[in-house]
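Keep the model open while you go, and try each task before reading its solution.

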Amino acid sequence: MSNSTVWLNGALLPQSAAGLDPLSHAVLMGVGVYDSVLVRGGRPGFLQRHLRRLADGAARLCLPAPDPATLTEAVASLIAAHGLRDCRLRITVGAGPSASVQPAADGNFTLITLAPLSPVNASAALTVTPFRRNEHSPLAGIKFTASAENVLAQRAALAAGFDEALFLNTAGAVCEGAFSNIFLVSGGRVVTPSLASGCLPGVTREVVLELCASQGIAAEEAMITAAALHEAEECFVTSSIRGIQPVHRLDDRAFIAPGSITEALVSGLKAEQEIRG
């Protein structure tokens with residue numbers, strides 16, 4: 001097998017042979033969900049957490065949830081076929097063709113791909129995008145495939161010299177990054193937007209909150225005002241691929257990166273990844 005191998009609906013195939021129906025709702029309407037998983041040393045990190053989130057998102061889009069045991073085996077076989085030890089793994093579940101907006105009875109697909117890791121900067125610069133997350137959307141909190149909004153926000157951020165775009169929601173509260181969750185540290189307390197903000201229930205976000213509890217660091221999920229962004233002492237973003245990334249700048253506000261609490265959580269996450277994968 002080569003680095004162009006993918007897993008599609010139960011089989012390892014060359015990427016060139018893995019055809020998807022051009023009339024599927026996944027292709028035409030973006031009806032699909034995905035999860036990205038960090039692979040280190042051939043081990044997919046927190047895979048079962050990712051599979052649970054994938055199943056939840058699929059159910060909300062009326063897609064059948066793939067069997068976790070089948071996907072676990074598929075992930076292992078694809079990693080072995082590639083021979084890549086450190087990479088980015090993506091699992092995509094998409095809707096098949098249908099003559100209406102109703103879910104298709106069949107034709108849905110599950111695709112697993114691997115890609116080399118891109119370098120992650122030691123710290124990040126964020127800018128608040130003028131776009132807004134709709135916390136009332138039926139897609140709020142789903143990692144769905146129709147991500148043009150994220151891509152456009154991120155392109156604008158990069159063009160302006162930043163690393164990540166930060167979304168507020170329609171109420172003006174802090175929500176999430178284009179491809180990350182956000183945390184603030186104030187007075188020794190860690191806070192991240194609650195899921196009611198419309199943010200994605202990030203796997204690394206979940207692990208960080210558990211780390212705070214185990215390390216005796218006060219932490220909460222809450223509504224965060226835009227003003228709080230400029231009052232915090234530390235700031236960091238999280239995702240499965242970047243892990244915990246300290247923020248050194250948010251628009252015109254500079255932060256020490258990493259701050260002491262951020263640094264402690266970075267060490268804790270590294271230990272968790274080594275133990276549990």
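**Exercise 1.** In which sense do strand β10 (residues 181-186) and β11 pair, and over how many bridges?

*Solution.* Before you start: this is a predicted model, where local features need pLDDT of at least 70 and side-chain atom pairs count only at pLDDT 80 or more, while totals for chains, interfaces and linings use all residues. Residues are numbered from 1 along each chain as its sequence is written, and side-chain values use heavy atoms, with hydrogens and water left out.

Step 1: strands are DSSP runs of E with at least two residues, helices are runs of H or I with at least four, and both are numbered from the N terminus. Two strands pair if DSSP finds at least two bridges between them.

Step 2: β10 and β11 are antiparallel, with 3 bridges. One spot to look at is L184, which sits opposite V191 in β11.

Step 3: check the turn. The two strands form a hairpin with 2 residues between them, and G187 in that turn has a positive phi of about 60°.

**Exercise 2.** Find the sense in which β11 pairs with strand β12 (residues 219-222), then trace the unit they belong to.

*Solution.* Step 1: this pairing is parallel, over 4 bridges. V190 has A219 as its bridge partner in β12.

Step 1: β11, helix α5 (residues 203-215) and β12 make a right-handed β-α-β unit. Right-handed means that, with the strands pointing away from you, the path from the first strand over the helix to the second runs clockwise.

Step 2: look at burial, where buried is under 20% relative accessible area, exposed is over 50% and partly exposed is in between (1.4 Å probe, protein chains only). In β11 (residues 189-193), 4 of the 5 residues are buried, so the strand is largely enclosed by the rest of the structure.

**Exercise 3.** Which residues of helix α4 are buried, and which exposed residues does the face turned away from them carry?

*Solution.* Step 1: the buried ones are N150, A153, Q154 and A157.

Step 1: the buried residues pack against β7 (124-133) and β8 (164-169), contact here meaning heavy atoms within 4.5 Å.

Step 2: after α4 comes G161, with a positive phi near 90°.
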